[in-house]
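This report covers selected local features of one protein model. Please view the sequence and the structure before reading on.

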Amino acid sequence: METESYDYVVVGSGSAGCAAAGRLAELSGARVCVVEAGPPAKGRLFEIPTLFSQQLKSAFDWDYQTEPEPQLGGRRAHLPRGRAVGGTSSMNTMAYVRGNAWDYDNWRALGNEGWGYEDVLPFFKRSEDNERGADDFHGVGGPLTVSDARSVHPLLEAWVEAGVEFGYRRNPDFNGADQEGFGVFQTTQRDGRRCSSAVAFLEPAGDNLTVLHSTLALRIRWDGTRAAALEVDHDGEVREIGIDGELVISAGAYNSPHLLLQSGVGDPDELRAAGLTPAHPVPEVGKNLRDHAGCFLSFLSDAPPVLGPDTSAEEKRLLERGDGPMAWCEAGAFLKTSEEIEVPDIQMHAALGITRDEGLAAATDHGISWGPYVARTTSLGAVEVRHPHPYAKPRIRHSYLSDPEERRLLRRGLVMAMELADQNAVARHLGTDLKSSAAIGLAPRDTSEEALDEFIAANAFSFYHGMGTCAMGHVVDARLRVHGLDNVRVADTSVMPAMPTGNLNAPAIMIGERVADFVKNP
């Protein structure tokens, strides 16, 4: 078996993995290797923002599914994950959202020293090259371009205005002093094109960095409590990559625990039951899985042009001017269901198009969709071994909305979303109202608990924010080292001990920055 070795091996070139690898490659003389199962993310499919949906259920998608979910009417939820260099940062909708300051102070309060807001803010700022300039909350000169939306459609502007009419404030910066309110998300775009974590951190890296794409990590070979090598499959050839220094697992909330489990790290009894030989007992690997599950309401509209046409003229406009209908953007909101709570507990997204079949159906109708999810989810699932063969996909049980309090909050969020449809600022642009949208299955039939639960069971889906399966305090310590192992860290959304109030791409990049800092400063 062919063997090569590196000082640092990073498994996964997603949001966190690219940041970790790029920063480690800054070490003089360091030999850094990134192992990525997918191909390079090159070409218009990855560069042009509005084409992200064409990656779903393609060769560039891990295309995971949950087990049947009881609260979703027994449906299996689709869980897209990027399977290309850049990971899911090469296929997401590019919203740059960090979460609430309260979230990180809560992480610290849970016993994770060094993860309070004042601790993580410098790492967010270090990554950023924000076109608005530097201030107390934002940085410039970093590798990750953060931009204002280039072309905000009047329907999205109207939706934000409806939120103001509804009684909330307009918020120009969800990552600033206060998160609450309605506004348009900043995006990880550069001149209107996607700025993935790979574009930001890998492309500028020098000769210290080796990217092994189309290379699947199979299992870790151990020398006692030390990771000695990583067994991989590169285009059908199985070989080992030696680890002279540290192994950083950044394969995401599903693949990071799965690699550990396949390597014998987990609950010994469960590993034996799955046909695997236990190597190191870390019982919580794969547990504590959380995600944002929510619903979109959809309304038809003839406000032209609603959908960005995929034409050579519009592509030329995007590439030359950095704007136009192919430069995707979304509006959003962070809202409180009660004035008695400290921070928002509902997040909403608003986007152009009609949402059907978990967003997988072709966008043939013109309109707008918006809807809520519970910001800090409490329902717990798990990632488990389906088969001892490392090529098999893991079993994923999210147990969405199994906590009755979470279901109550989502119902309240749906009612708030329905009330927005009655605000004149947006209602005058809509071709359907709540009743007519409900008649074609695009909105709840009324605000009764029965109708809301019926709509949730038929329409709720994952917003692709899996986290928690290698959580700090359970699987890794506050410096992201796996308990009981000498040279293995995990750095991605799986290490989050609690769900942040927002999307996960920006926090994942921050975690990648932090793990590199931990390695550089032992």
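**Two positive phi angles**

Leucine 401 lies in the loop between β22 (395-397) and α10 (404-420); helices (H or I, at least four residues) and strands (E, at least two) are DSSP runs, numbered from the N terminus. Although leucine 401 is not a glycine, its phi is positive, about 60 degrees. Leucine 401 counts as buried because its relative accessibility is 1% (buried is under 20% relative accessible area, exposed over 50%, partly exposed in between, with a 1.4 Å probe and protein chains only).

Lysine 57, also not a glycine, has a positive phi of about 60 degrees. Lysine 57 sits in the loop between α2 and β3 (64-65) and, at 42% relative accessibility, counts as partly exposed.

**Basis of the model**

The model is predicted: local features need pLDDT of at least 70 and side-chain atom pairs pLDDT 80 or more, while totals for chains, interfaces and linings use all residues. Residues are numbered from 1 along each chain as its sequence is written, and side-chain values use heavy atoms, leaving out hydrogens and water.

**Strands β2 and β10**

Strand β2 (residues 32-35) points Val32 and Val34 one way and Cys33 and Val35 the other, and all are buried. β2 pairs with strand β10 (residues 209-212) in the parallel sense over four bridges (pairing needs at least two DSSP bridges between the strands). Threonine 210 in β10 stands opposite cysteine 33.

**Nonpolar cores**

A nonpolar core is a set of buried Ala, Val, Leu, Ile, Met, Phe, Trp, Tyr and Cys residues joined through side-chain atoms within 4.5 Å. The largest has 80 residues, of which Trp115, Ile220, Leu230, Leu247 and Leu480 touch the most other members. Helix α14 (residues 505-520) gives the largest share of this core, eight residues.

Not counting residues up to four places away in sequence, leucine 480 has among its contacts Trp115, Met472, Ile511, Val515 and Phe518 (contact means heavy atoms within 4.5 Å). A second, separate core of 57 residues includes Leu297, Ala333, Val383 and Ala417.

**Second largest pocket**

The second largest pocket has a volume of about 360 Å³. On a 1 Å grid over the protein atoms alone, a pocket is an open set of points where a 1.4 Å probe fits, with protein on both sides within 12 Å along at least five of seven lines; lining residues have an atom within 4 Å of a point. Grid points are joined across faces, edges and corners, and the volume is the space filled by probe spheres set on the points.

Of the 17 residues lining the second largest pocket, Ala41, Lys42, Ala198, Val199 and Glu203 are the closest to its centre. The largest share of the lining, three residues, comes from α6.
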